[in-house]
Amino acid sequence: MTAQQHDVVVVGGGNAGISLAARLQRLGVDDVAVVDARTTHHYRPLLSYVGAGQATMADLERPQRDVIPDGCTWVEDRVVAVDPDASVVRTRGGRTLGYRTLVLCPGLLEDWDATPGLVDAYADGWAASTFVADSAPRVWPALTALRSGSVVFTMPPEPAPCGATALKPLLMACEHWQRTGVLGDLTVHLVLPAASALGVPAGDEQVEWALAAYGVQVLREAQVEAVDHAARSVSVVSPAGPRTLEDVAFAHVVPHYRAPAWIAEAGLATASSAGLVDVDPETLRHRRHPAIWSLGDVADLGIRPSGGALRKQVDVLADNIVATAGGAGAGTDDDLRRYDGYTVMPITVDRRRLLLVEVDRAGQPSPSAPFPDLTRPRRLTWAFDRYGLVQVYYRRILRGKV
Ligand SMILES: Cc1cc2nc3c(=O)[nH]c(=O)nc-3n(C[C@H](O)[C@H](O)[C@H](O)COP(=O)(O)OP(=O)(O)OC[C@H]3O[C@@H](n4cnc5c(N)ncnc54)[C@H](O)[C@@H]3O)c2cc1C
């Protein structure tokens with residue numbers, strides 16, 4: 001079959017793909033195709049507020065056709081293979097798309113196999129999480145129905161889509177239980193993959209204070225190994241040894257994540273088990289295939305992925321694609337702009353206050369504004385996160401204006 005040819009093919013029409021396509025168009029690249037089979041676009045940060053009873057799915061969803069930038073070609077299909085030597089991608093629907101420049105941003109996939117029992121536990125309704133969109137509307141009703149017993153929350157190990165935000169439904173629920181007088185009758189567990197929640201002292205201090213104030217029992221450097229919805233148990237491994245949490249009334253267990261397998265099959269992944277795209281973490285260009293670039297959750301950038309990080313990645317990558325004559329290979333890496341690894345972790349410590357941790361690749365503070373100190377929980381920051389950012393996202397970020 002003859003390949004449909006485009007200057008730039010963007011795989012994935014999520015936060016990364018749409019923002020980049022829009023920015024490229026603004027910079028004068030006019031033959032951009034975005035491949036994505038999803039017909040509904042999600043502003044995913046609001047899922048945390050769906051899980052806290054502060055938002056509905058309608059607040060975060062838009063038809064995908066409304067977010068595809070005018071002038072871009074939307075290929076409503078899924079990529080299943082890349083042939084970097086022939087400069088083509090192949091889709092589930094049988095299309096072959098040729099490119100001069102390829103941008104990979106399909107996000108991360110839930111790795112259900114990594115946690116035996118979890119698929120069945122979600123199907124049963126005993127487990128749900130803000131990270132699995134279909135299940136997010138079940139989270140708040142399940143949490144607010146609890147009067148006693150044990151409840152488990154987890155933060156997913158990296159790579160994960162802004163994994164630290166798994167703390168949001170936990171801390172908002174704790175405040176609700178405290179206000180309604182049931183917190184003392186609940187045993188709340190948090191399974192943390194690292195020694196501390198955020199790995200950044202200013203943010204950790206606030207989060208640890210909140211966890212202690214709510215009496216949350218924290219299992220550190222720990223991961224869920226398996227769940228059993230019939231037995232209502234969660235098995236956890238940590239340096240302290242294996243432990244099974246019994247009689248769990250509700251499990252907010254977030255799946256582990258990995259990159260789509262076709263990235264490794266095309267020889268485009270790093271050696272890591274998650275199979276992320278092997279790009280230079282500063283220029284965002286593939287280490288072996290100069291016409292291929294990547295950004296967003298699927299790119300191996302040495303950071304904790306987040307939507308906030310994309311603001312800078314899109315800016316750098318769009319300029320780099322233009323600077324290399326459409327990104328197809330011309331120009332040396334010395335001419336390219338560099339991404340400093342900026343990322344964000346927004347955490348609600350209760351139902352009306354949020355703190356924002358912004359760091360660079362080395363984990364050093366990288367605040368967007370010098371004042372006020374956003375690592376202190378504030379009402380205004382919560383209001384912006386809940387109500388303001390979704391407007392900025394659909395009106396400016398996805399239109400390549402931020
Ligand atoms: C519950 C939750 C809360 C979050 N909260 C925050 C927050 O408060 N702040 C923050 O900064 N970030 C937050 N994030 C993270 C943020 O949403 C992600 O970092 C961001 O969406 C990453 O964008 P992306 O385009 O890389 O991936 P995605 O948004 O996952 O988009 C990937 C797109 O690629 C498509 N795709 C997948 N496979 C293929 C394929 N084979 N072919 C074609 N298309 C494909 C998918 O359909 C999807 O549309 C949160 C994420 C979640 C899940």
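Tutor: Happy to. Let us begin with burial: a residue is buried if 20 or more other C-beta atoms lie within 10 Å of its own, exposed if 12 or fewer, and partly exposed in between, with C-beta atoms placed from the backbone. Please keep in mind that this is a predicted model, where local features need pLDDT of at least 70, side-chain atom pairs count only at pLDDT 80 or more, and totals for chains, interfaces and linings use all residues. Residues are numbered from 1 along each chain as its sequence is written.

Student: Why is Leu171 called buried?

Tutor: Leu171 has 26 C-beta neighbours inside 10 Å. The definition asks for 20 or more, so Leu171 counts as buried. Leu171 is found in helix H7; helices (H or I, at least four residues) and strands (E, at least two) are DSSP runs, numbered from the N terminus.

Student: Which peptide bond involving Pro159 is cis, and what is its omega?

Tutor: The bond joining Glu158 and Pro159 is cis, with omega about 0°. Pro159 lies in the loop between strand S10 (149-154) and H7. Another cis bond runs from Phe371 to Pro372, with omega near -5°; Pro372 is in the loop between strand S20 (354-359) and helix H11 (379-395).

Student: How do you know that S14 and S15 pair?

Tutor: Two strands pair if DSSP finds at least two bridges between them. Strand S14 (residues 233-237) and S15 share three bridges in the antiparallel sense, so they meet that requirement. Val234 stands opposite Leu245 in S15. The open sheet has three strands in the order S13-S14-S15, with antiparallel pairing.

Student: Why is one side of S13 and of S15 left without a neighbour in the sheet?

Tutor: Strand S13 (223-228) and strand S15 (243-245) stand at the edges and each has a single partner strand, so one side of each is left without a neighbour there.

Student: In which sense do S1 and S2 pair, parallel or antiparallel?

Tutor: Strand S1 (residues 4-11) and S2 pair in the parallel sense over four bridges, and Val10 has Val34 in S2 as its bridge partner. From strand S2 (residues 32-35), Val32 and Val34 point one way and Ala33 and Val35 the other, and all are buried.

Student: What makes a group of residues a nonpolar core?

Tutor: It is a set of buried Ala, Val, Leu, Ile, Met, Phe, Trp, Tyr and Cys residues joined through C-beta atoms within 7 Å. The largest one here has 128 residues, and Val9, Val10, Leu20, Val34 and Val277 have the most contacts inside it. Helix H7 (residues 167-180) gives the most to this core, with seven residues.

Student: Why is this core said to lie between domain 1 and domain 2?

Tutor: Domain 1 (4-108 + 259-342 + 394-399) and domain 2 (111-256) both give residues to this core, so it lies between them. The domain bounds come from an automatic or database domain assignment.

Student: How many residues surround the ligand, and which are the closest?

Tutor: The ligand is surrounded by 33 residues, the closest being Gly12, Gly14, Ala16, Gly107 and Gly296. A residue is near a molecule or strand if its C-beta atom, placed from the backbone, lies within 6 Å of it. The largest share of the shell, three residues, comes from H1.
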